[in-house]
Amino acid sequence: MQLGRVIGTVVATVKYDGLEGIKLLIVQPLDRHQEPEGRPVVAADGVHMAGPGELIYFVGSREAAQALPETFVPVDHAIVGIVDATEELATGGA
Amino acid sequence: MQLGRVIGTVVATVKYDGLEGIKLLIVQPLDRHQEPEGRPVVAADGVHMAGPGELIYFVGSREAAQALPETFVPVDHAIVGIVDATEELATGGA
Amino acid sequence: MQLGRVIGTVVATVKYDGLEGIKLLIVQPLDRHQEPEGRPVVAADGVHMAGPGELIYFVGSREAAQALPETFVPVDHAIVGIVDATEELATGGA
Amino acid sequence: MQLGRVIGTVVATVKYDGLEGIKLLIVQPLDRHQEPEGRPVVAADGVHMAGPGELIYFVGSREAAQALPETFVPVDHAIVGIVDATEELATGGA
Amino acid sequence: MQLGRVIGTVVATVKYDGLEGIKLLIVQPLDRHQEPEGRPVVAADGVHMAGPGELIYFVGSREAAQALPETFVPVDHAIVGIVDATEELATGGA
């Protein structure tokens, strides 16, 4: 999975039939300092609660559809968690 | 999925048999400001209505074939929606 | 799929058994101006007619093996079409 | 697989149901000199022993879920080994 | 597949059970001039003969496991051929 931030939504009238009812959000991937890096992706909301500006993690490729009620859909990115906090681990401890 | 813009078509006489009848478009991926970024891809038109210059979103990898009538085809990118608008979400609300 | 140009062949005596008889070509991916961009890939020739210097499109990841007679082989890129021409679409029309 | 270093953990209350009980770590991919390169990923801990600051290797895409007890989960990166040492091979020997 | 050079091995005591007995090598991907480019990958040796410094080609993603005796393992890169030579094709001939 990767860390990202929800930056928008997509409005589409014409779409593949199997995508009806799936909420699509625009997600900006983040670097290790949680700054934007790379191209945004359009991800399905697998947790049904992702809001604007939130820090989330999303899954890509074949696994994304596993987060949806119907798995045989053409979806390759899905939000699977909302991040409360990230913790930097102290090196040396366990 | 990723946002992209349709920038052309591909004309090919010699192709893999299973690709007969599938319309292939050249799609330029876009960055968060909807400017071209990265290499274009050749995508199948899963919505049968994608026109020139249109803003679309496409799916990649294994999921692309799910958007086609016949799923056991060597296709790894497919257009699955035409974007009417993208909305930047206000941070802080929900 | 992506656009690429055939730039060479690979000669290999020692290879995975399932790859016997599959012709492997070196393909250089192209940017939107059809200039070389990124690392070349080694692709199976799914159309059996791809020649030197030709403009082709190739499929990646899981879908590549779909273009071969035997689909359970460790192949992740395959040429699936030879491009006669690409056409830039006029924006605004349909 | 790729080499990476564990740099943190993710705390998430809201997540996809199938992800309950899976420990997620933030992993920074490394270049050939084992310096950070590219975006960090959020990976499941497939060895149940990966600690802070450790050098590990992780698997991506569809294969990641193979490292977990339940394979039909939306997970696309998993730590599958803790590195004791890497050895540069002498060129010319065998 | 991609061209790469074997640059090292990985020694790991703690690893995912299914990876016991699989030899893992560090492979540096190469650009079209066969110079190092991008991050190295940790690949399973699918030909059982890849030696130090050798020029090889490797397969990625889901297809990698197809090169191993047991295909349900979390492996996403595998060496599937040792390159004797690469030939630049003359443009125009066939």
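Predicted model: local features only at pLDDT ≥ 70, side-chain atom pairs only at ≥ 80, totals over all residues.
Modeller: Local features need pLDDT of at least 70 and side-chain atom pairs 80 or more, while totals for chains, interfaces and linings use all residues. Residues are numbered from 1 along each chain as written, chains are lettered from A, and side-chain values use heavy atoms without hydrogens or water.

Biologist: How do you know that chain E is in contact with chain D?

Modeller: Contact means heavy atoms within 4.5 Å. By that test, 32 residues of chain E touch 35 of chain D.

Biologist: What is the area buried between chain E and chain D?

Modeller: About 2800 Å², with 58% from carbon and sulfur atoms. Buried area is the accessible area (1.4 Å probe) lost on putting two parts together, summed over both. Val14(E), Arg39(E) and Pro52(E) lose the most in chain E, together 24% of what that side buries.

Biologist: Why are S6 of chain D and S1(E) called paired?

Modeller: Strands are DSSP runs of E, at least two residues, numbered from the N terminus. Two strands pair if DSSP finds at least two bridges between them. Strand S6 (residues 85-88) of chain D and S1(E) have four bridges, in the antiparallel sense, and therefore pair. Glu88(D) stands opposite Gly8(E) in S1(E).
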